[in-house]
Amino acid sequence: PGDIDTAGTSFASIGSGWAGSTQVPVAGSLQIFAFVGFLELFVMKDSANGAAPGDFPGDFRNGALDFGWDTFDADTQASKRGIELNNGRAAQMGILALMVHDKLDGNPYI
């Protein structure tokens, strides 16, 4: 549905998996790179690098959203940080499994 660039490349013509990442036009890849760079430099400031507010390393809160983190006691905060770390690790393993599966038989989906 629609085109991915002004040259008329359709979204449907872009493949999936690693092959699809090489078919994205250069301007699109640069836009993604610039957006991620903007987030890294100006939005997602890590407290370990001196950004405020930062209560612990990996605290990427930028003061714009508050979901009640400060209302939790220290044990609950430690538990939630541990849960978040484990969820991130599980997601990384899932993505790794999809990448390996894509390389084994060229099919990015299990």
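Q: Which elements have the lowest and the highest mean pLDDT?
A: Helix α1, residues 17-23, has the lowest, at 83. Helix α3, residues 74-105, has the highest, at 91.

Q: Why care about low values?
A: Where pLDDT is low, the predicted coordinates should not be read in detail.

Q: OK, aromatics. How many aromatic pairs are there?
A: The structure holds two. In one of them, the ring centres of F38 and F42 are 5.5 Å apart.

Q: Where do F38 and F42 lie?
A: Both are in helix α2, residues 26-43. They are four residues apart, which is about one turn of the helix.

Q: Is F42 buried or exposed?
A: F42 is exposed, with a relative accessible area of 57%. F38 has 44% and is partly exposed.

Q: What about W69 and F72, what kind of pair do they form?
A: An edge-to-face one. The distance between the centres is 6.2 Å, and the planes make an angle of 80°.

Q: Why does W69 count as buried?
A: Its relative accessible area is 15%, and buried means under 20%. F72, with 31%, is partly exposed.

Q: What else sits over the ring of F72?
A: The charged end of K80 does, 5.0 Å from the ring centre.

Q: Changing topic: where is T22?
A: T22 belongs to helix α1. With 65% relative accessibility, T22 counts as exposed.

Q: What does the side chain of T22 reach?
A: It reaches the backbone oxygen of A19, at 2.7 Å.

Q: Last one, L98. Which helix is that in?
A: L98 lies in helix α3. Its relative accessibility is 35%, so L98 counts as partly exposed.

Q: How far apart are the C-alpha atoms of L98 and G17?
A: They are separated by 8.7 Å, while the two residues are 81 residues apart along the chain. G17 is in the residue range of helix α1, which is 17-23.

Definitions and conventions: Residues numbered from 1 in each chain as written. Predicted model: local features only at pLDDT ≥ 70, side-chain atom pairs only at ≥ 80, totals over all residues. Heavy atoms only, no water. Phe/Tyr/Trp six-rings, centres within 6.5 Å; stacked < 30°, edge-to-face > 60°. Helix = DSSP H or I, 4+ residues; strand = E, 2+ residues; numbered from the N terminus. Buried < 20%, exposed > 50% of the residue type's maximum accessible area, 1.4 Å probe, protein only. Lys NZ or Arg CZ within 6 Å of the ring centre and 35° of its normal. pLDDT = per-residue confidence, 0-100. Polar contact = N/O pair within 3.5 Å; in protein donor to acceptor, adjacent residues only side chain to side chain.
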